[in-house]
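The following explanation leads through selected features of the structure shown below.

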Amino acid sequence: SRLAVGEGRRGARRMGANSCSAPTHPVQVYIDGQYDYVDHVTRARRVHAVEQKAVHSLPVQDLFVEPRRRRGNPLRACAWGPADTVARGVVEAAIALADWTASEPDVTDRDWLGPNGGTLAALCPQDGQVTETLVVLASCVRQLVKQEPSLVNADVPARIFGDLHGQFRDLLLWLKDFGFPHRHGPTYVFNGDFVDRGARQLETVALIFALKVAYPSKVVLVRGNHEFRDINEHMGAAGFRAACDDALGHSDGELVYDSFHSAFESLPLGCLLANKVLIVHGGLGDGDWNLNMLANVERPLTAETIVENQCIYNVLWSDPVPETVEQSFGVHDSPRDGHRGMVLMFGKDVTEDFCQRNSIEAVVRSHQAKRAGCGYEVMHGNRLIRVFSARDYEGNRNDGAMLKVRRGKAGHLIIRAQLLRSIEKARDPMEGDGMLAEPPVYNTALFHCPGGICGLHDAAGQKRDA
């Protein structure tokens, strides 16, 4: 096994044991009581109170709200860092695609027809060399993530995306509504499950990889349970293996599939945000491990190597037990593997103990869509937050969510949901549409691009000719 798991707590916190104890310090990560979304009819940004069903631990009116004017970025595409030419071309194409997509009537990802000629060709405008573009992106990302630890340290402000599952239109709208990465901006964390099931899996992972290559210090990629060959192939016609063949033919499809998996196998397994928030795709399992262990996991990792280690397996696969059900404490087996005991479910006490032992405040995870859900869920005494970004996923009529993390005036962290609202979800008419957001404050000094640094403008600030 590549990661030794201690035995000290498994006996004390056996399956289903009620061993909850009060935390020794209050939670210093606050959940904002409001969320943001963009009305795709009017393009107006709105603010709405979070839904009570998404918050398990306390009434939503008791959630923390710190009024703050949001800051805008007037440079959007002009804040380039040193970027690979191929990645830069893909990102510029995505910006144009996002603008075009936002001008269309809103539809679900599965009903979207996309531009004439296809989205993959529009995204990879390198003289029609789609296969070569994808292989270059995968190779560049592989080299970048191999240099990173298995637990990446990142700072705030940050934006955390959950599962996207090949829903490329959703990704374009996310970036249009709330901003593309740039070298002056927040950290973007993509928390796994980029592929499988969605209609445009190659486009989704290609854009995510291009963002990583263009802004390597501002984009963090965390591996999910669907970044594995056995899962992709088990999915059959809906899987990433089939998506590559369908888009590129068998020969090129196999080449691209293998290239992406060479990168997937070296992806980090987690991100530690501001030393206080752990981001992993699945969960904690039995919680009987520490951050140092996760940081030192050797890669590349394959499906064969992770089954040798239950800790790693559960970082990718495990789920929490909500406080709203009986037996909500301790460690339990999971229906995900037919209750065979490899995949575990963990209670509130496991989360609290893990946070205290590792000197962190909260855990953010993804991995689960909820029917008619909000895309986010606050559990385990505000120490566990779920985020899922693909809206109307597999008929679930769910909102998609992204988490915005920033530092408050007193130094604490504030987590605020931002939503891509469901088209299909039935809403309470009494809920209303929320209130209009205040316009952003632009700090032109902060975002000023000194002449020539971005590569898109000359010394006078004029856009260069292509």
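Is Arg169 buried or exposed? Arg169 has a relative accessibility of 1% and therefore counts as buried, where buried means under 20% relative accessible area, exposed over 50%, and partly exposed in between (1.4 Å probe, protein chains only). The model is predicted: local features need pLDDT of at least 70 and side-chain atom pairs count only at pLDDT 80 or more, whereas totals for chains, interfaces and linings use all residues. Residues are numbered from 1 along each chain as its sequence is written, and side-chain values use heavy atoms, with hydrogens and water left out.

Arg169 forms a salt bridge with Asp106, their closest N and O atoms lying 2.7 Å apart; a salt bridge is a side-chain nitrogen of Lys or Arg within 4 Å of a carboxyl oxygen of Asp or Glu. Because Arg169 lies in helix H4 (residues 168-178) and Asp106 in the loop between helix H1 (85-103) and helix H2 (119-123), the pair ties together parts that are 63 residues apart in sequence. Helices (H or I, at least four residues) and strands (E, at least two) are DSSP runs, numbered from the N terminus.

Asp106 is partly exposed, at 27% relative accessible area. Asp106 also forms a salt bridge with Arg391, with 2.7 Å between the closest N and O atoms. This pair links distant parts of the chain, 285 residues apart, since Arg391 is in the loop between strand S16 (384-387) and strand S17 (400-407) and Asp106 in the loop between H1 and H2. Arg391, at 2% relative accessibility, counts as buried.

In total, the structure holds 26 salt bridges. Among the residues involved, Glu51, Lys53, Asp399, Lys425 and Arg427 are linked in a network.

Attention now turns to helix H11. Helix H11 (residues 310-317) is mostly covered, with 7 of its 8 residues buried. Its buried residues are covered by elements including helix H6 (229-234), helix H9 (291-295), strand S11 (319-320) and strand S13 (344-346), contact meaning heavy atoms within 4.5 Å.

Strands S11 and S13 also belong to an open sheet of 3 strands, ordered S11-S13-S12, with mixed pairing. S11 and strand S12 (331-333) stand at the edges with a single partner strand each, so one side of each is left without a neighbour in the sheet. S11 and S13 pair in the parallel sense over 2 bridges, two strands being paired if DSSP finds at least two bridges between them. Phe346 in S13 is the bridge partner of Pro320.
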